[in-house]
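This report describes one protein chain, from its overall make-up to individual residues. The sequence and structure come before the text.

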Amino acid sequence: MPETEPWEYSLYIPNDPRAVTICRRTLRLILTMHGLIRLVDVAELMATELVSNAVRHTKGPAALRVRWSGNGVLRIGAWDADPSLPEPPRPFTPELEEEDGRGLALVRACADVWGWHPLSRFGNRGKYVWCELGAAG
């Protein structure tokens, strides 16, 4: 499939910390199979942070969604069942020794653009947090 063809994958996961590794490895395989190996390292970091937040800060299932636009933009997103807005990213300061709380700051620093929106459809509630990477990344 040429890079100009759009595609999309969704991986639904349980609320289990092991699911983060499954998402990361699945994403690596998807990007490799589509010839986008140059995006793997940053995309894995973004997906890890988004899915980790979904699993760590909610009680229900979650999902990883990966979409290639066909015009050079990769969108990575995580859905979870909690409609609460994510905490705003803290300023990224590498010298802090905290082990958590820097995920969205990493996403903001590495992504071309990121955001979130609440979801409400067919009685389902939740939110979708996403980021985009350009192919030149």
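## Overall make-up

The model is predicted. Its protein chain contains 3 helices and 5 strands, and these follow one another along the sequence in the pattern β-α-α-β-β-α-β-β.

Of the 137 residues in the protein chain, 42% are buried.

## Helix α1 against helix α2

Two packed helices are described by the angle between their axes and the distance between the axes. For helix α1 (residues 18-33) and helix α2 (residues 40-56), the axes come within 9 Å and the crossing angle is roughly 150°. An angle over 145 degrees counts as roughly antiparallel, and α1 and α2 are therefore roughly antiparallel to each other. The crossing of α1 past α2 is right-handed.

On the α1 side, the contact is made by Val20, Cys23, Arg24, Leu27, Arg28, Leu31 and Thr32. On the α2 side, the residues are Val40, Asp41, Ala43, Glu44, Ala47, Thr48, Val51, Ser52 and Val55. Sorted by class, the contact of α1 with α2 has 9 nonpolar, 3 polar and 4 charged residues.

## Helix α2 against helix α3

Helix α2 also packs with helix α3 (residues 103-110), where the axes come within 9 Å and cross at roughly 150°. Here α2 passes α3 in a left-handed crossing.

From α2, the residues in this contact are Val42, Leu45, Met46, Glu49, Leu50 and Asn53. From α3, Gly103, Leu104, Leu106, Val107 and Cys110 take part. The class count for the contact of α2 with α3 is 8 nonpolar, 2 polar and 1 charged.

## Lysine 127

Lysine 127 sits in strand β5 (residues 124-134). Is lysine 127 buried or exposed? Its relative accessible area is 7%, and the cut-off for buried is under 20%, so lysine 127 is buried.

The side chain of lysine 127 has two polar partners to note. One is the side chain of aspartate 80, joined to that of lysine 127 by a polar contact of 3.0 Å. The other is the backbone oxygen of aspartate 82, which lies 2.9 Å from a polar atom of the lysine 127 side chain. Beyond its neighbours within four places in sequence, lysine 127 is in contact with Thr58, Ala78, Trp79, Asp80, Asp82, Pro83, Ser84, Pro86, Trp116, His117, Pro118 and Leu119.

Serine 10 belongs to strand β1 and is partly exposed, at a relative accessible area of 39%. Which residues does serine 10 contact, leaving aside its neighbours within four places in sequence? They are Leu64 and Arg65. The C-alpha atoms of serine 10 and arginine 65 are 4.4 Å apart in space, with the two residues 55 apart in sequence.

Threonine 4 is located in the segment before β1 (7-13). Its relative accessible area is 58%, and threonine 4 is exposed. Although threonine 4 and asparagine 71 are 67 residues apart along the chain, their C-alpha atoms are separated by 6.0 Å.

Key:
Residues numbered from 1 in each chain as written. Predicted model: local features only at pLDDT ≥ 70, side-chain atom pairs only at ≥ 80, totals over all residues. Heavy atoms only, no water. Axes fitted to C-alpha atoms, helices over the stretch in contact; angles between N-to-C directions. Helix = DSSP H or I, 4+ residues; strand = E, 2+ residues; numbered from the N terminus. Parallel < 35°, antiparallel > 145°, perpendicular 65-115°, else oblique. Left-handed = near helix turned anticlockwise from the far one by under 90°. Contact = heavy atoms within 4.5 Å. Nonpolar A, V, L, I, M, F, W, Y, C, P; charged D, E, K, R; others polar. Buried < 20%, exposed > 50% of the residue type's maximum accessible area, 1.4 Å probe, protein only. Polar contact = N/O pair within 3.5 Å; in protein donor to acceptor, adjacent residues only side chain to side chain.
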